[in-house]
Amino acid sequence: MKDGIERAAELLAAARRGVAFTGAGVSAESGIRTFRGENGLWRQYDPFKVSSIDHFLQDPSAYWTVSKERYETYRAARPNPGHVALAAMEQAGIVRAVVTQNTDGLHREAGSTEVIELHGSGRSVACLDCGAREGRAEVQARLALEMPPRCRTCGGVHIKPAVVFFGEPLPAEAVERAFTLARECDLMLVVGSSLVVYPANGVPVAAVDAGAPLVIVNAEPTPLDGVATAVIQGPSGEVLPRLLQLARR
Ligand code: NAD
Ligand code: ZN
């Protein structure tokens, strides 16, 4: 039997309408910590307090205090070879799009042009009361003086990054596009996702249900390993460039 990476490379070489589905793991080697898994942020913070919409409305400073601590790492993060390989797969006509659960913007920065952000983007901030928008950097800059930060337009405290919190719906247009791409794809490539976050984890399932082969690149086992054609356990920043190289032989 061929090992996982050889089998995956064959599938990649044959794909024309592949879709990559990515999670926090693809950005781990850029220095951004994942939520789950070994060294995940949820071992340090309470996910409900930090990023559920109910708690945010009561006490926005819980989110912004963590954000104050972590933003510098986030701001300094650059795409790693995993993001770059995914952009090259789009260029090579292997994948049509990246559907991501990440909010860090690194896929676009690496050169992927079709990026569907299921959980929004952490690069901008919107006021839930008046709708005013601001860049993330400007809000972060005043956290030293103001906690929680206030909306520049209405003075309210409900200014929130444009990411999907627990208890909030996903952006409908992105969801529809992601499921359409999944149903039409000829390969589903999952990278760096624990595949336990609902409803985003329905995207690879939809591809499998439509008959597409599934390749999973993740540091630990996932609930979909059993239905995958190939599973590669390893760091995506090393596995993806290797996979692309093998697919191009
Ligand atoms: P997750 O945190 O639940 O799981 C990440 C998975 O990646 C884990 O299974 C882990 O073992 C694996 N992993 C860690 N390092 C890896 C590496 N170098 N190579 C390959 N795999 C690696 O992430 P998720 O499934 O994406 O879902 C959780 C939520 O976290 C999403 O809603 C997402 O919005 C959010 N999130 C985003 C970011 C970001 O934007 N970079 C960071 C943290 C969390
Ligand atoms: Zn406002």
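Student: Why is glutamate 184 called partly exposed?

Tutor: In this predicted model, the relative accessibility of glutamate 184 is 38%. Buried means under 20% and exposed means over 50%, with partly exposed in between. The value of 38% lies in between, so glutamate 184 counts as partly exposed.

Student: What makes the contact of glutamate 184 with arginine 96 a salt bridge?

Tutor: The closest N and O atoms of glutamate 184 and arginine 96 are 3.2 Å apart. A salt bridge requires a side-chain nitrogen of Lys or Arg within 4 Å of a carboxyl oxygen of Asp or Glu. The distance of 3.2 Å is within 4 Å, and therefore the pair qualifies. Glutamate 184 belongs to helix 8 (residues 172–184) and arginine 96 to strand 2 (residues 95–100), so this pair links distant parts of the chain, 88 residues apart. Arginine 96 is partly exposed, with a relative accessible area of 30%.

Student: Which residues are linked in a network of salt bridges?

Tutor: The network links Arg78, Glu109 and Arg123. Glutamate 109 meets arginine 78 at 3.7 Å, N to O. Glutamate 109 is in helix 6 (residues 106–110), while arginine 78 is in the loop between helix 4 (60–76) and helix 5 (81–91), 31 residues apart. Glutamate 109 also meets arginine 123, here at 2.9 Å, N to O. Arginine 123 lies in strand 4 (residues 120–127), so its pair with glutamate 109 ties together parts that are 14 residues apart in sequence. The whole structure has eleven salt bridges.

Student: Which atoms are the protein donors of the zinc ion (ligand 2)?

Tutor: The donors are the SG atoms of Cys127, Cys130, Cys151 and Cys154, lying 2.3 to 2.4 Å from the zinc ion. A donor must be an N, O or S atom within 2.8 Å of this metal, and therefore these atoms qualify. Along the sequence, the donor residues follow the spacing C-x2-C-x20-C-x2-C.

Student: Why is the site of the zinc ion (ligand 2) called tetrahedral?

Tutor: The angles among its four donor atoms are 106 to 116 degrees. Four donors count as tetrahedral if all angles lie between 85 and 135 degrees.

Student: Are cysteine 151 and cysteine 154 buried or partly exposed?

Tutor: Cysteine 151 has a relative accessible area of 7%, which is under 20%, so cysteine 151 is buried. Cysteine 154 has 39% relative accessibility, a value between 20% and 50%, so cysteine 154 counts as partly exposed.

Student: How many cavities of 30 Å³ or more does the structure hold?

Tutor: The structure holds one such cavity. The largest cavity contains about 50 Å³ of space. Its lining consists of Thr100, Asn102, Asp104, Gly105, Leu106, His107, Arg108, Val115 and Glu117. Helix 6 and strand 3 (115–117) are the elements that give two or more residues to this lining, and the largest share, three residues, comes from helix 6. By class, the lining has two nonpolar, four polar and three charged residues.

Student: What sets asparagine 39 and leucine 195 apart in their backbone?

Tutor: Asparagine 39 has a positive phi of about 65 degrees although it is not a glycine. The residue lies in the loop between strand 1 (18–22) and helix 2 (47–51). Its relative accessible area of 52% is over 50%, so asparagine 39 is exposed. Leucine 195 likewise has a positive phi, near 55 degrees, and is other than glycine. Leucine 195 is in the loop between strand 7 and helix 9. Its relative accessible area of 5% is under 20%, so leucine 195 is buried.

Student: Where are the cis peptide bonds of proline 148 and proline 199?

Tutor: One joins methionine 147 and proline 148, with omega about 0 degrees. Proline 148 is in the loop between helix 7 (136–141) and strand 6 (159–163). Another joins tyrosine 198 and proline 199, also with omega about 0 degrees. Proline 199 is in the loop between strand 7 (187–191) and helix 9 (202–209).

Key:
Residues numbered from 1 in each chain as written. Chains lettered and ligands numbered in written order. Predicted model: local features only at pLDDT ≥ 70, side-chain atom pairs only at ≥ 80, totals over all residues. Heavy atoms only, no water. Donors = N, O, S within 2.8 Å, 3.2 Å for Na, K, Ca; no water. Tetrahedral: all angles 85-135°; square planar, octahedral: opposite > 155°, others 65-115°. Buried < 20%, exposed > 50% of the residue type's maximum accessible area, 1.4 Å probe, protein only. Helix = DSSP H or I, 4+ residues; strand = E, 2+ residues; numbered from the N terminus. 1 Å grid on protein atoms, 1.4 Å probe; cavity = no way out; pocket = protein on both sides within 12 Å on 5 of 7 lines; lining within 4 Å. Points joined across faces, edges and corners; volume = space filled by probe spheres on them. Nonpolar A, V, L, I, M, F, W, Y, C, P; charged D, E, K, R; others polar.
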